[in-house]
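Subject: Structure for your review

Dear colleague,

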Amino acid sequence: MPLFPKESAKYIAENSSNVTIKFEGITKLGDVLLNELNSGHLKPENFGQTEVHPKAKDKHALDWLFVVDTLNFCFWHNEGEEGWKVEGYSGYYALCAAINRALKENIDILNPKFYSSLTEAQLKNILRSDTKVKVPLLSERVKCLHEVGTALLENFEGTFEIVVKQSENSAKKLLELIVNNFKCFQDVATYKNQEVAYYKRAQILVGDIWACFRGQGLGYFKDLDEITMFADYRVPQTLLWYGVIEYGEYINKKLKENYVFHNGDIEEQEIRGCSIHAVELLKVYVNEKLKDKKINSILIDHFLWDFRRKHANEIEKKGLPFHKVFCIYY
């Protein structure tokens, strides 16, 4: 069994040779997060403030989250190039918009009986772009939907709600149920002879349930602290911006060359692992200074991801590129 993400990240950070965590950056960004939290700008309700996200009262909210996070990977394009867009949205939000558009068109995209056997042509139509750029890894997305749809039908009466209820309000148990029953969520690798886990999409699914339901009912988890940040290719850019992490010469050279890493490369793992551990350190720093509130890694991730989107041009001008990988895990 691999180490869980929190333990994996600590192990990687302690052994990393290409990525360094800078404690002065922890202090700098930690103080920003304190201000965001105390001012009320950083809160789980922010999840519902975008029109493409479901509300807790929506009948199929859980199944929507499950389908979206099954497909929530690899939206990147090179800087300066046209990207995949849906109804004016890019990246993850474009995916949300595409699923919502399919529902308006009466496509049964939230029904595992449909998506467990949908064709590549059907998904291509569902994810059709405003631009000439097609969504990356289309055949892999079809395979993921087939896999999870079949598993839902065979083991969970065709609804993700049963999976959530079986977790008994435990984030860690839900995480285990997801990665043990749905193969495409098994985001694991071997780092220096140690099997490690990142579970980006599985953890974001747990985090999305918590945020959508505002920590109530099906969204209440007694051990939410078990969930780490969601190790992707964009959040590290914000950590670089604030000086929380620093790349070594070798990674910087690769990034400048627009190199595409392979999932499992040691450099890629060190970026992801050190990003997770840095956020754990940020969480400790902030919570030591809070009195009546607590911050979790999900909220920190929301801030980091939103910051990158809002400041994309400045981050690019500062020469802080993202590491590029073609894979289904992020």
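This is a predicted model: local features need pLDDT of at least 70, side-chain atom pairs count only at pLDDT 80 or more; totals for chains, interfaces and linings use all residues.

Residues are numbered from 1 along each chain as its sequence is written, and side-chain values use heavy atoms, with hydrogens and water left out.

Salt bridges

Side chains of opposite charge can pair when their charged atoms come close. A salt bridge here is a side-chain nitrogen of Lys or Arg within 4 Å of a carboxyl oxygen of Asp or Glu, and the count by this rule is eleven.

One of them pairs Glu280 with Lys6, with 4.0 Å between the closest N and O atoms. This pair links distant parts of the chain, 274 residues apart: Glu280 belongs to helix α13 (residues 266-289) and Lys6 to helix α1 (residues 5-15). Helices are DSSP runs of H or I with at least four residues, numbered from the N terminus. Glu280 is buried, at 9% relative accessible area (buried means under 20%, exposed over 50% and partly exposed in between, with a 1.4 Å probe and protein chains only).

Helix α1 also holds Glu14 and Lys10, four residues apart and thus separated by about one helical turn. Their side chains form a salt bridge at 2.6 Å, N to O. Glu14 is exposed, with a relative accessible area of 54%, whereas Lys10 is partly exposed at 42%.

A further salt bridge joins Glu257 to Lys253, the closest N and O atoms lying 2.7 Å apart. Glu257 is partly exposed, at 44% relative accessibility. Through shared partners, salt bridges also connect Lys6, Asp225, Glu280 and Lys283 in one network.

Largest pocket

The largest pocket holds about 1,100 Å³ of space. A pocket is an open set of points on a 1 Å grid over the protein atoms alone, where a 1.4 Å probe fits and protein lies on both sides within 12 Å along at least five of seven lines; lining residues have an atom within 4 Å of a point. Its volume is the space filled by probe spheres set on the points, which are joined across faces, edges and corners.

The lining of the largest pocket comprises 45 residues, and Tyr92, Arg234, Trp305, Arg308 and Arg309 lie nearest the centre. Helix α14 contributes the most, with seven residues.

Yours sincerely

How values were computed. Helices (H or I, at least four residues) and strands (E, at least two) are DSSP runs, numbered from the N terminus.
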